[in-house]
Amino acid sequence: MNSSKMRRKVVVATAENGDTGDKLDQLLLSSAICNGEDLSPFIRKAFASGKPETLLHHLRHFGRSKESEIEEVCKVHYQDFIMAVDDLRSLLSGVESLKSSISNSNCQLQSVAGPLLTSLDSFIEARNKCQNITLAIESLRICVRLMELCSRVNFHLSKNNFYMALKCIDSIERDFIHKTSSSTLRRMLEKKIPAIRAHIERRISKEFGDWLVEIRTVSRNLGQVAIGQASAGRQREEELRIRQRQAEEQSRLSSRDAVYALEEEDDDGYFIGDEGNDFYGNGGNANSTLGFDLTPLYRSYHIHQTLGLEDGFKKYYFENRKLQLTSDFQVSSMTPFLESHQTFFAQIAGFFIVEDRVLRTGGGLITKMEVENLWDTAVSKMCSVLEDQFSRMRTANHLLLIKDYVSLLGVTLRRYGYSVDALLDVLNKHRDKYHELLLSDCQKQIAEALAADKFEQMWMNKEYEYSMNVLSFQIQTSDIVPAFPYIAPFSSTVPDCCRIVRSFIEDSVSFMSHGGQLDFYDVVKKYLDRLLTEVLDDGLLKLISTSIIGVNQAMVVAANMAVLERACDFFFCHAAKLSGVPLRMVERGRRQFPLTKARDAAEEMLCSLLKKKVDGFMTLIENVNWMIDEPPQTENEYVNEVIIFLETLLSTAQQILPGQVLKRVLQDVLSHISETIVNFLVGESVKRFSLNAVMGIDLDIKLLESFAENQAPLVSEEEAIQLKKALVEARQLVNLLLSNNPENFLNPDTSKIQRRSPWTL
């Protein structure tokens, strides 16, 4: 207490001796403590000013000032505290008694509950054992089912039933592997299941690889079968069109006769003319009909779906098939393309038949866009190969064989929805080259046929020979079959050339057919015109100018030209029939005979040779007595020789030459005889002649005119008159010399002469 008072005095002294600022701070601190305010500003200020001792001094001073207040409060509440202590002591005694009572009750309870607790412990132990047994049974049941599934997996693996094995593995992972209590078994399964999946993936990948190898051979056979069926369908269509044309011809000949055609069905279920149908209806019989199996592919795809590798397998399948297609594009340089083109195109056709099947039934294994991309690539490559191979070919038949097979390829794949226009465009692009090669081949054949001609009439001993050489080209002059042996009015060159031209027409139509162009008759007709005018006509002209040395040869060639004129009508009709053009349109548009130059040259050559023969007889006119005193009673010798020659000529010519040709030849020869007589009379050879000599010439001309008139049975009355008019020059001159009024011949107003030459007048 003394020290305390001394401290208070120090403080008071300090306060009294301190400045007003310290006292104010002490008052503010006391006020803040009393008001429960924050003292942090005072603490911060004390440390900031470097005087924390002042703050501690103020705090101690405030504590001493409150001690007296505490003493006052304790004095006021002392009595209450004593009473509370007494109450507490009484409460403690009651607690002791309660504790004793509780202890007694506890002893009684334990003595009573002891047996019950023992029973409870037994029950709990029994229940735990039951739970353990139940858990063990459940674990065993899970293990048994797990082992059954494992056994089933092994069984399916041994039978290569991979899908069921994977389903069992999925069931193990989903339902059992997390439930099994055996960590060893769990670890074994966690190790073996990925290994089994990897094993299945390897096995199914190998199976798929084997299928990829096998499908290439299958695709080639499949393409050959499909193209063969397309070829058979085309053949049936051709037969149907032939029957339709026959029916059309019959209907044209007899409109009263009704013609019916039945649609026939093959054993394989294809209707004739049903080229647009697919090989199989809805796809259910494709494998059995065309013989290819997609089961390994779909199995592999399904397994990869189950393994969760669907996208990877799709990509793997597409890439491998693309590589196969690329390898199919390789054209061997060791084998001629003519020998390998069927295999080449059949392989591609089979490839896309398989892809079409996979697209429609594969469940999204390949998309339509991917198939179209593959097809575009294939079309581009095939067009490139065709362009290259066609540019190297020098034989029309080779080009035709490849074109036919490509067109069958187009027909086959168009049924599956593939666009083949680009391929057809390539074929049409080489149309001109094909026909140029075909013209070149025919030119060689025609040259060989003409060179082999012996200028002898053709003998036919059998009816089939007549049918093959005459009826097949419609060059017969009568519908009555002649007696055999039959001597034809033409040489063997005619049927040989007809066969060459017919083959040209059929090859041309074959190339133009099935190429996407429906109306191609004009194209065939254009090249047929070229064959006749540029090849056959020129060949005949060359033959006529170089090989004919006798009248009989010239007569045979002239007869050949007359027969070829009839054959040309057949050629254009045959081309129209094969092109599907009605014959009435061909008949309506008939054109000039394309072998006119050769025909005229043949007749001119015949006439020239005959004139030479006649000139040999006409030299006898020099033996005529031009100053004879008496009128002659008979014709001169030269005219008798000429008449004998002409009659001999007619006996042969009328058997092979048509009437029109014979008429033109005789007319030219008689005109030449007339000119020869006139030229001799007005020439320098005859200086003087008597009237009697002119009367002898008149008898000669009358004999010639009688000869011309007698030819009416061979030609006609009008044509016989025209033959007689061929002697008009000589007749005019003789009439002039014998006339008593020559001025009538010189007066244009009264002249009855139809023709006169200046020198005659």
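Is Leu-88 buried, partly exposed or exposed? Leu-88 counts as partly exposed because its relative accessibility is 49%, where buried means under 20% relative accessible area, exposed over 50%, and partly exposed in between (1.4 Å probe, protein chains only). The model here is predicted, so local features need pLDDT of at least 70, side-chain atom pairs count only at pLDDT 80 or more, and totals for chains, interfaces and linings use all residues. Residues are numbered from 1 along each chain as its sequence is written, and side-chain values use heavy atoms, leaving out hydrogens and water.

Let's step back to the whole chain. You will find 26 helices and 2 strands in it; these are DSSP runs numbered from the N terminus, helices being H or I with at least four residues and strands E with at least two. Of its 761 residues, 39% are buried.

Leu-88 itself sits in helix 4 (residues 52–158).

Now follow helix 2 (residues 20–34), whose 15 residues reach 21 Å from first C-alpha to last, close to the 21 Å expected at 1.5 Å a residue; that expected span is 1.5 Å times one less than the number of residues. Gln-26, Leu-29, Ser-30 and Ala-32 are buried in helix 2. They lie on the same side of helix 2 because they cover an arc of only 165° around the axis, an arc taken from the directions between the helix axis and the C-beta atoms. On the other side, Thr-20, Lys-23 and Leu-27 of helix 2 are exposed. The cover over the buried residues of helix 2 includes helix 3 (40–49) and helix 4. After helix 2 comes Gly-36, with a positive phi near 70°.

Notes
Contact means heavy atoms within 4.5 Å.
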